[in-house]
Amino acid sequence: MQIRNVVTGVFALSMMGAASSALADTWRFGLEETEGSVQYAYAEAFKDLIEEKSDGDITIQILPYGVWGSNYSALYDALQSGAIPISFGSGFLGGTVPESQLMSLNYVMPNDQLETAEILNSDAFMQSDAWQQSFRSRGLVPLAAVPEGFQVWTANKEIRTPEDMKGLQIRVMDNSLLRATYQAYGAAPITIAYGELYSALQQGQAEGNIQPVFAHENMGFYEVQDYMIFAEQAQFIGNLIANQDWYEALPDDQQAVLQSTLDEMVHNGHDIQTQFNAERLETIQDNSDINIIRLNGEERSRFRELARPVRQEYVDMVGERGQQALDILLKQVEESQSGSSDTDDSDQTS
């Protein structure tokens with residue numbers, strides 16, 4: 001198990017005390033994950049491209065989970081204040097940008113993970129008024145979406161049906177849509193801090209977990225669970241976000257460097273997560289006797305049926321902008337190679 005020590009104190013004081021203008025060419029990049037994660041590898045590749053394209057005029061300072069603190073709201077507060085101008089935000093971001101919970105809906109995206117990355121980063125979705133204004137109204141700018149692999153369930157019992165999940169205390173991020181989804185499946189979702197999750201699973205305070213494969217391996221969660229269940233219900237999406245004032249103050253040449261890098265990172269990010277998740281699953285299987293379950297189309301369809309009404313709960317929670325963003329996304333999926341997200345038995349969408 002590798003759980004990083006949380007380092008705050010001196011760094012937090014220096015971070016919050018420094019004016020962003022004093023570090024105009026040093027871009028702090030906040031991560032929700034530790035070293036050894038997809039976000040960290042993405043940030044390293046992003047850093048290399050930015051520094052190369054800018055001829056060294058821009059440097060990237062990577063701040064993984066634990067360096068800036070362990071409370072995600074602190075990271076998002078630093079992003080909104082400009083102390084950290086670029087950051088990832090995922091499930092916990094729903095408290096800051098409620099519409100971002102769109103990324104937590106189950107059985108919406110194509111099963112083809114590269115296709116998902118391309119749809120989410122298309123101008124039709126990423127640059128839509130609905131998606132942009134959801135963030136800009138909070139002083140933020142959505143730059144990119146980074147799928148990090150399918151969310152995989154773990155538990156100490158076999159799960160193939162909603163009946164198997166009934167009453168399961170499964171850990172979810174602090175996200176209203178995730179709680180609604182797993183309640184719809186019959187589970188009893190609970191929220192536990194990421195850094196405390198290993199011990200919670202070990203001690204039985206949580207009975208199940210939801211993470212991409214690389215996170216199960218990186219944090220050692222698989223060591224204290226008996227089953228890994230692949231339902232392909234959703235991919236973990238990291239939203240890459242910038243502070244709006246910082247972004248709009250960038251010189252034209254730096255904005256061009258940033259955009260060209262983001263364009264390249266759509267496929268680079270997909271390659272990173274594909275490699276990470278494949279290698280980490282192999283590591284898990286080599287180092288444990290965990291049971292791997294892959295749900296078939298019929299089994300998945302039962303969860304899909306229960307998940308679909310949660311789309312309306314999302315709209316009820318976040319309002320018209322959320323409805324518009326969801327409609328745009330569903331239209332892009334409908335027109336994609338994999339087809340409609342409402343397909344119940346073809347196993348084409350997650």
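In what sense, right-handed or left-handed, does H2 pass H12? The points below take up that crossing and then turn to other parts of what is a predicted model.

1. H2 passes H12 in a right-handed crossing. The two elements are helix H2, spanning residues 38–53, and helix H12, spanning residues 252–286, and their axes come within 9 Å while crossing at roughly 145 degrees.

2. On the H2 side of this contact stand Val-38, Ala-41, Tyr-42, Ala-45, Phe-46, Leu-49, Ile-50 and Lys-53, and the residues they meet in H12 include Val-257, Leu-262, Met-265, Ile-272 and Phe-276, along with Glu-264, Asn-268 and Gln-273. Sorted by class, the residues of the contact of H2 with H12 comprise 13 nonpolar, five polar and two charged.

3. H12 also takes part in a crossing with H4, the helix of residues 113–120, and here the axes come within 10 Å and cross at roughly 145 degrees. This crossing of H4 and H12 is right-handed. The contact joins Gln-113, Leu-114, Ala-117 and Glu-118 of H4 to Val-266, His-267, His-270 and Gln-273 of H12, and by class it has three nonpolar, four polar and one charged residues.

4. The largest pocket holds about 220 Å³ of space. Of the 13 residues that line this pocket, Gln-113, Phe-150, Val-213, Phe-230 and Asn-277 lie nearest its centre. Strand S4 (140–155) and H12 each contribute at least two residues to the lining, and H12 gives the most, with five residues. The class division of this lining is six nonpolar, five polar and two charged.

5. For the second largest pocket the computed volume is about 190 Å³. Its lining is made up of Ser-70, Asn-71, Tyr-72, Ser-73, Tyr-76, Phe-92, Gly-95, Thr-96, Asp-174, Ala-193 and Tyr-194, which divide into five nonpolar, five polar and one charged.

6. Met-109 deserves a separate remark, as this residue is found in the loop between strand S3 (86–89) and helix H4 (113–120). Why does Met-109 count as buried? The relative accessibility of Met-109 is 5%, and because buried means under 20% relative accessible area, Met-109 falls into that class. The C-alpha atom of Met-109 is separated by 9.8 Å from that of Glu-232, although the two residues are 123 residues apart along the chain.

Technical notes
Residues numbered from 1 in each chain as written. Predicted model: local features only at pLDDT ≥ 70, side-chain atom pairs only at ≥ 80, totals over all residues. Heavy atoms only, no water. Axes fitted to C-alpha atoms, helices over the stretch in contact; angles between N-to-C directions. Helix = DSSP H or I, 4+ residues; strand = E, 2+ residues; numbered from the N terminus. Left-handed = near helix turned anticlockwise from the far one by under 90°. Contact = heavy atoms within 4.5 Å. Nonpolar A, V, L, I, M, F, W, Y, C, P; charged D, E, K, R; others polar. 1 Å grid on protein atoms, 1.4 Å probe; cavity = no way out; pocket = protein on both sides within 12 Å on 5 of 7 lines; lining within 4 Å. Points joined across faces, edges and corners; volume = space filled by probe spheres on them. Buried < 20%, exposed > 50% of the residue type's maximum accessible area, 1.4 Å probe, protein only.
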